[in-house]
Amino acid sequence: MHTDLYYEKTPITAHGGWSGGRIKFAASYKVDFEKASVLYEGGKVTVYPSDVEQEPFNPEFSGYGWYTGEIAFFCDVVAGRVVNTKNPASSAANTVRLVEAMKRSADMGGAMVKFD
């Protein structure tokens, strides 16, 4: 799957797919910023500064692991210990609307569709 999304003046491209056989699931991303590009691949983050004089580096993260904090927050919400103000139901509804827009685009041969 290949999807191009446009948020105001920011283009976002998403690629996804499933592979059969013995290949295990893998997730990666690349984000380009004004002063650096960030690549997450093989379980590590690498920052590539735009300034060629600076070497790429791997930042160190402290505290919770990648998803540990999100899972703990989810468990606290489900258990009623906290109120979910980070991602309200309206956010989930927007995700559904986004997927529906992507389906409309696919049904129309990849044509650009409006996402309100």
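Visitor: Why are strand β3 and strand β4 called paired?
Guide: Two strands pair if DSSP finds at least two bridges between them. Four bridges join β3 (residues 29-32) to β4 (residues 36-41), so the two count as paired. They run antiparallel, and Tyr29 has Tyr40 as its bridge partner in β4. A hairpin of three residues joins β3 to β4.

A word on the source: this is a predicted model, where local features need pLDDT of at least 70, side-chain atom pairs count only at pLDDT 80 or more, and totals for chains, interfaces and linings use all residues. Residues are numbered from 1 along each chain as its sequence is written, and side-chain values use heavy atoms, with hydrogens and water left out.

Visitor: What makes β4 and β5 a pair?
Guide: β4 and β5 (residues 44-49) share six antiparallel bridges, and Glu41 stands opposite Lys44 in β5. Their hairpin has two residues between the strands, and Gly42 there takes a positive phi near 65°.

Visitor: Which strands are called edge strands?
Guide: The three strands form an open, antiparallel sheet in the order β3-β4-β5. The edge strands are β3 and β5, since each pairs on one side only. From one strand to the next, the twist averages 15°.

Visitor: How do you know whether Ser105 is buried or exposed?
Guide: Buried means under 20% relative accessible area, exposed over 50%, and partly exposed in between (1.4 Å probe, protein chains only). Ser105 has 16%, so Ser105 is buried.

Visitor: Where does Ser105 lie, and what does Ser105 touch?
Guide: Ser105 lies in helix α2 (residues 89-107); helices are DSSP runs (H or I, at least four residues), and strands are runs of E, at least two, both numbered from the N terminus. Leaving aside residues up to four places away in sequence, Ser105 touches Gly110, Ala111 and Val113, where contact means heavy atoms within 4.5 Å.

Key. Axes fitted to C-alpha atoms, helices over the stretch in contact; angles between N-to-C directions.
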